[in-house]
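Q: Could you walk me through this model, starting with a single residue and then widening out? I'd like the cut-offs spelled out as we go.

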Amino acid sequence: CLVVNVGDLFQRWTHDYWRSSVHRVLYKHFDGHHRYSFVYFTGPHGDTLIDELPSPLFPKCEIGSSRKRKYQAVTASEHIRLKIEASQV
């Protein structure tokens, strides 16, 4: 079994075809043992243009197309800035 947590960037790349899951951490202490987790986050360089990946799963937004573009192309830095703004209450 292989489990891949898809992040918001991948959701944006695939026009919501693959959805990002809500991140939550539950800590349970079992039988006196400690739990250790190691995570690694990575992403594109800040100047990288983030736009939909070409795929036969969904047509591109073109003039006259009935499909509306959900996400506009942005840089990776702008994507992070928008996520931070959206997370602040």
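Q: Histidine 15, is that buried or exposed?
A: Histidine 15 is buried, with a relative accessible area of 17%, where buried means under 20% relative accessible area, exposed means over 50% and partly exposed lies in between, with a 1.4 Å probe and protein chains only. Please keep in mind that this is a predicted model, in which local features need pLDDT of at least 70 and side-chain atom pairs count only at pLDDT 80 or more, while totals for chains, interfaces and linings use all residues. Residues are numbered from 1 along each chain as its sequence is written, and side-chain values use heavy atoms, with hydrogens and water left out.

Q: Where is histidine 15 found?
A: Histidine 15 is found in the loop between α1 and β1; helices (H or I, at least four residues) and strands (E, at least two) are DSSP runs, numbered from the N terminus. Its phi is near 55°, which is a positive value in a residue other than glycine.

Q: And what about the phi of aspartate 16?
A: Aspartate 16 is not a glycine either, and has a positive phi of about 70°. Aspartate 16 lies in the loop between α1 and β1 and counts as buried, at 14% relative accessibility.

Q: Which residues form a nonpolar patch on the surface?
A: Tyr17, Trp18 and Leu57 form it, with about 350 Å² of accessible area together. Patches are made of residues with over 30% relative accessible area and no salt bridge, joining like charges within 9 Å and nonpolar side chains (Val, Leu, Ile, Met, Phe, Trp, Tyr) within 5 Å; a salt bridge is a side-chain nitrogen of Lys or Arg within 4 Å of a carboxyl oxygen of Asp or Glu. The areas come from the Shrake-Rupley method with a 1.4 Å probe, and for residues only the protein chains shown count as cover.

Q: Switching to rings, how many aromatic pairs are there?
A: The structure holds 3 aromatic pairs. One of them joins phenylalanine 10 and tryptophan 18, which are stacked at 5.4 Å centre to centre with 10° between the planes. Another is formed by tyrosine 17 and tryptophan 18, which are tilted, at 6.5 Å centre to centre and 35° between the planes. Rings of Phe, Tyr and Trp (its six-membered ring) pair if their centres lie within 6.5 Å, and planes under 30 degrees apart count as stacked, over 60 as edge-to-face and the rest as tilted.

Q: Which residues form the aromatic cluster?
A: Phe10, Trp13, Tyr17 and Trp18 form one aromatic cluster. Phenylalanine 10 is partly exposed, with a relative accessible area of 30%, and tryptophan 18 also counts as partly exposed, at 45% relative accessibility.

Q: Stepping back, what does the secondary structure come to?
A: The protein has 2 helices and 2 strands, and from the N terminus on the elements run α-β-β-α. Of its 89 residues, 17% count as buried.

Q: What share of the contacts comes from residues 24 or more positions apart?
A: Such residues account for 59% of the contacts with a separation of 6 or more, where contact means heavy atoms within 4.5 Å.
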